[in-house]
Amino acid sequence: MDRTENFFPAFHQDSAKGKLHDVVNHECGRSTEIVADDLGIHHFISTINTACSSSVNAIALGSRLINHGMLDIVVAGGTDALSKFTLNGFNSLMILDKEPCRPFDATRKGLNLGEGAGFVVIVSERVLQQEKKKSLAMVAGYGNTNDAYHQTASSPEGRGSYAAMQKALAMSGLSVTDIDYINLHGTGTLNNDVSEGTAVKRFFGDQLPRMSSTKAFTGHTLGASGGIEAVFSVLAIMHQCVFPNLRFEATMPEVEIVPQQKFEQTTVNHVMSNSFGFGGNCSSIIFSKQ
Amino acid sequence: MATIFITGMGNISPQKTWGDAPLLSEVTEHNSERLACVEPDYTQWFDPRQLRRMSRVLKMGVAAGSIALKEANITVPDAIITGTGYGCLEDTGIFLTKMVENNEEALNPTPFIQSTHNTIGSLIALMLQCQGYNQTYTQGAFSFENSLLDALMMVKEEPALKVLVGGVDEITDLSHTIQKRFGIFRAQPESNLNLFTTGRGTVNGEGAAYFVLSGEKVNDNAVGVEAVATFYKADEQTLKQGLDDLLRDAKLQVSDIDFVLLGTSGNAGTDKTLLDYTLKMFPESSTGVFKHLSGEHPVASSFAFWLAARMIQEQTIPSAVMLHDTGRKPKNVLIFNQYFGTHHAFILLKSCRASG
């Protein structure tokens, strides 16, 4: 949803009214086509919409196309702009916090909407060697599952998110103790944080890595969040640091998760980033230091 | 490369493409520039309470998926991959309308929840309790092709997997009114069967078609999916190179293509270009058309995919489809689609009949 909501009030009064210019980019794939026009790409282009896990799936698709030898260089990520449509939608679901959000805090009331775009450039091993470049990080594994529990709510035990983390870790060949930092989905809603926290606790057991939701800084950027948080994950590896989970004070009674509370320099070799969406779409991706 | 087979199909379209009727034995005529689907009775899949909350795109999508799974004789697939250009337009329109009418207050969240493109694929997952891979592509007229490519990669990785893959798009009153204002559909109502004779613009279409793909052959008359390739704002040279690459990978010559199913749409300009390319690229092949049957829409190629597979299974080309007949039996069939001249795609299917 973008400018169609500007077109709509006049159109609703009179179907011959409303500026058509405002709806030419209504299709979800238009932003990708505009990027392709700019870069002069005439071959493969794609857009994924799995709600808030869209851009993790885009980065995973790019990696798969490279692994299958179909492409050499891919730009992948996500973009989302604030709109009245999504603001009203989340408001009607009563999961917006009017105060700055507090992911994983016992007093959390909901999410803050944000906007932005985050993209990464992924290349094949061959290109890396040819260009004599060092990568910023590697895509080590990814998993895509469906919670198949409810159209908007996550299952209490986080079965979809658990399975996504499990698939990503299995593909990476790493073990739970290798993960140094998790960039959590952590929207700040009552439902997500308990469900994700429960899944993380079940999956990592007593070996909980440092973790935080950077949505306390950015708000929930919806379709873009996976791309923006992929960039945070790569920055964590580049700068050997972890980011704080702002405004955390008290642990949730349902599941005890104590996120990272201070910015800290530390060894970061492997980062897991979680993104979950409406429709039960769950994705997890692991970035590793080369 | 090991062959990837179609083991089940479900198609709801402006033709009666479900049930037991022989392939296009009756062609449905629409005297309008809006080709609505011939829909089955949905109560065989949903209870009335569910149906009241569901838009047509959801009903058509879930029903087509169910038909495909039933034909493939499986209950829960390993993955669900959906392509949709416009997604859930009806719910988007309802929520926008209520935002205006209610002055952004006291809104029912259901249409908002159901407005995202992934609602179709996730509803299928929810109904089947399918926790596997779940993906929705929405790249305009490449949405189905992107989905198909994902499914092909997945089955290549693991041939035992059974992947449900499809394309779904709906027309709504609002979307049709807006698209008409762009002048892309013919202005005067006339029969869809005259689409290619008058050349006065295309007609709006919709549909839902799902397929089960697997590396395991389940019957002797299986259809194989060989390749898919997409080209955005590409010139003739790029398309020709793309075709050569695709045929080389499939170990085929141009002369091996028996039948080319063309995505001409009733626009005189873009149709002429596609026909010119086809004459040069495939001088020895039979050709046929389908958009007078499906209408034009982002996932019209999913209708073409169903049609091509059925023609291969039955080794016949319906007269309503045939454009240029060389008398060749359809063993290797290439779909050559175009969408408003900006999106081109090839999909190659082949007969895997045991007798050759």
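**Close-up views of a predicted model**

**View 1. The crossing of α6(A) and α7(A) is right-handed.** Residues are numbered from 1 along each chain as its sequence is written, with chains lettered from A and ligands numbered from 1 in written order. The axes of α6(A) and α7(A) (residues 190-204) come within 8 Å and cross at roughly 45 degrees. α6(A) is therefore oblique to α7(A). From α6(A), Ser161(A), Tyr162(A), Met165(A) and Gln166(A) make the contact. From α7(A) come Ser195(A), Glu196(A), Ala199(A), Arg202(A) and Phe203(A). Contact means C-beta atoms, placed from the backbone, within 7 Å.

**View 2. 47 residues of chain A are in contact with 46 residues of chain B.** On the chain A side, α4(A) gives the largest share, five residues. By class, that side has 16 nonpolar, 25 polar and six charged residues.

**View 3. Val165(B) sits in strand β4 (residues 162-169) of chain B.** Val165(B) is buried, with 33 other C-beta atoms within 10 Å (buried: 20 or more). Beyond neighbours within four places in sequence, its contacts include Ser147(B), Leu148(B), Tyr210(B) and Ile81(B). Ile81(B) is 84 residues from Val165(B) in sequence, yet their C-alpha atoms are 4.7 Å apart.

Notes. Predicted model: local features only at pLDDT ≥ 70, side-chain atom pairs only at ≥ 80, totals over all residues. Helix = DSSP H or I, 4+ residues; strand = E, 2+ residues; numbered from the N terminus. Buried ≥ 20, exposed ≤ 12 C-beta atoms within 10 Å, placed from the backbone. Contact = placed C-beta atoms within 7 Å. Nonpolar A, V, L, I, M, F, W, Y, C, P; charged D, E, K, R; others polar. Axes fitted to C-alpha atoms, helices over the stretch in contact; angles between N-to-C directions. Parallel < 35°, antiparallel > 145°, perpendicular 65-115°, else oblique. Left-handed = near helix turned anticlockwise from the far one by under 90°.
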